[in-house]
Amino acid sequence: MNFTLSGILAVLSHAIPPFLPLILALLALLVIAQLLGRLRGYRFTAYRCVPATIVALLAGLSTLWWLPQLTGSRLAFVATATDWAALVAAALGVALLTWLVLHPLSYLVRGPRRY
Amino acid sequence: MTRHLAPPRMDRRQLLKLGLGAGAAGLLPLAGLEATTVPTRAHIVILGGGAAGMAMANRLAMRLSGARITVVEPREIHHYQPGWTLVACGVWHPDRTLRSNADFMPRGIDWIRQPAVGVDAEQRRVSLADGSIAEYDYLVVATGLQLNYHLIDGMSPELIGSHGIGSVYASLEGATRTRDAIDEWLARGSGQGLFTAAPTPVKCAGAPLKMTFTTLSRIKDTGRRDAFRLDYLTPGEAMFSQPWVDDFLKRRFDDEGVQRRHHYRLSAIDPGARQAEFTFVGPASEFTSHHELRQAEFGREGEMTEVIDYDFIHVVPPMSAPDVIRESDLIAREGPFRGEWLDTDIHTLQHNRYPEVFGIGDVIGAPINKTAASVKAQAPVVEANLLAQLQGQALPARHNGYTSCPLITDIGKAMLVEFGYDNDMAFLPSFSFIDPKEESWVAWVLKDYLLQPAYYAMLEGRV
Ligand SMILES: Cc1cc2nc3c(=O)[nH]c(=O)nc-3n(C[C@H](O)[C@H](O)[C@H](O)COP(=O)(O)OP(=O)(O)OC[C@H]3O[C@@H](n4cnc5c(N)ncnc54)[C@H](O)[C@@H]3O)c2cc1C
């Protein structure tokens with residue numbers, strides 16, 4: 001059974017709408033955090049915050065536990081190479097998103113510091 | 001009532017969908033858009049607006065101009081039946097399987113909201129419940145199948161949910177009441193569960209197995225596995241048509257302590273006494289997953305029977321084409337599907353005796369193939385072949401028997417088993433990165449989240 005690009009888009013047009021509020025909320029959080037930070041002079045290359053990085057890494061790591069649960073499954077059932085690739089990709093995504101939100105927010109709280 | 005195909009009007013929802021697709025699709029040429037429309041004045045009647053009928057209505061509405069298309073479908077509500085196993089094991093809320101048929105019905109077609117009660121293939125006429133007649137030039141038979149609970153003495157769908165009886169196939173309500181019956185059994189803390197299979201082809205042949213695995217999964221979660229006994233009783237030697245999966249299932253059942261009992265057919269049930277009678281189907285009348293047992297043979301005298309007590313029983317009824325097809329000229333007259341299923345060529349899906357008739361979905365006489373996944377593979381074949389027939393050309397498309405079963409082996413993991421009847425039931429995996437022989441979390445996530453959107457896209461004729 002082959003899926004064409006138009007077929008995949010057709011499937012996504014049914015798959016995404018239930019998650020649209022969540023996707024939009026996360027996107028809004030990301031944009032707002034980045035905008036607020038940048039308005040106050042935040043540049044991610046010029047600012048370091050180890051706690052934000054640690055929290056982001058922990059959030060990513062926690063994905064290995066809660067994502068299978070959220071899908072009605074459990075970590076023990078993540079077994080194949082594809083399973084692990086999908087879960088690790090999701091964990092990296094969560095870590096990156098958390099970092100992109102927390103990093104500018106921590107700048108707003110702590111002010112410009114250079115380590 | 002006659003109406004020619006009007007240019008499709010779109011509501012806001014459809015426009016939004018098209019916009020979402022077109023946004024990204026604009027980047028690449030799309031095969032679908034290259035397909036030309038065929039002008040015709042023909043009247044095409046589609047019997048049934050379920051998975052297969054709805055997909056065909058949308059496909060033909062897109063490909064034909066000037067045609068008259070009529071869908072005969074009495075139901076207002078569309079049921080996503082593959083979700084019923086998830087309802088019956090308590091993972092899905094029942095409402096998640098419901099949509100309105102109007103959401104998918106293409107504009108510009110006639111929708112007759114009543115059942116067909118007869119088909120006269122010689123005269124090309126369909127009789128409707130109100131006594132009126134729909135004449136056709138081409139007929140697409142997509143009525144699905146009929147559940148013959150009455151062939152099990154003492155059994156009726158109304159019993160589901162009471163007396164420890166479950167049956168995921170009956171309806172959404174039946175699946176919900178099956179869940180309740182399993183809950184009740186688990187709350188008892190122990191007992192005997194019987195899981196049956198049918199002596200006929202069935203839709204989603206994996207569903208009886210999924211019910212066994214998901215119930216076992218829930219039992220293990222109670223921490224009292226040893227207090228429960230599970231037996232799987234099947235008329236055939238095989239548990240599944242695909243040989244590798246069949247071996248896997250036998251080993252897994254043995255490892256999990258699920259007692260396999262082959263050559264057992266559920267013949268009667270005594271709900272009050274919670275007893276089931278099984279007829280032993282001896283090796284002389286060997287069953288496979290595509291049995292040749294005829295209904296008339298169900299009641300043969302002198303067969304050995306065994307009565308078994310149960311606390312919970314999952315009933316899988318014998319199945320056939322609906323009576324409206326069985327009693328028509330369209331039914332198979334010879335071969336393994338005689339008297340039971342629509343007489344179609346299993347590759348072209350054209351009727352074997354009436355070339356203007358095509359069959360699709362559960363109703364057709366085919367060794368396997370009673371799944372929505374098969375419908376997805378069959379719909380483009382019926383579309384291409386019907387259009388060719390209409391233009392007097394040779395039929396260009398061929399169905400390879402593709403079917404798919406996301407075989408849930410535990411709540412939380414599944415195997416994406418895809419195969420077809422060509423090449424000795426060889427695997428036909430859609431995704432190179434999903435091994436059909438492996439139990440996986442990703443296959444479970446696909447079943448839980450992605451197959452339903454794919455099904456709805458199929459109804460719209462877009463995949
Ligand atoms: C419990 C369960 C689990 C399943 N799991 C899966 C799965 O995991 N994967 C998968 O691919 N498939 C699965 N299926 C199978 C899948 O749902 C069917 O194969 C698919 O729906 C077949 O489509 P169809 O159009 O042939 O029949 P249906 O979808 O049943 O539609 C038939 C339609 O015809 C109409 N009709 C009937 N009689 C008449 C009449 N006389 N006149 C007019 N209209 C009529 C009915 O109202 C109905 O709408 C499952 C099915 C069940 C019950």
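## Domain arrangement in chain B

In this predicted model, the centres of domain 1 and domain 2 of chain B, taken over C-alpha atoms, lie 30 Å apart. Domain 1 of chain B comprises 12–23 + 38–145 + 321–401, and domain 2 comprises 154–319; these bounds come from an automatic or database domain assignment. Residues are numbered from 1 along each chain as its sequence is written, and chains are lettered from A in the order in which they are written.

Contact (heavy atoms within 4.5 Å) joins 23 residues of domain 1 of chain B to 25 residues of domain 2 of chain B. The two domains of chain B bury about 2100 Å² between them, 63% of it on carbon and sulfur atoms; buried area is the accessible area (1.4 Å probe) lost by two parts on being put together, summed over both. B:Trp84, B:Thr85 and B:Ala88 supply 26% of the area that domain 1 of chain B buries against domain 2 of chain B, more than any other three residues.

| Segment of chain B | Contacts beyond four places in sequence |
|---|---|
| residues 1–34 | 41 contacts |
| residues 285–292 | 18 contacts |

Chain B averages a pLDDT of 90.

Key
Predicted model: local features only at pLDDT ≥ 70, side-chain atom pairs only at ≥ 80, totals over all residues. Heavy atoms only, no water. pLDDT = per-residue confidence, 0-100.
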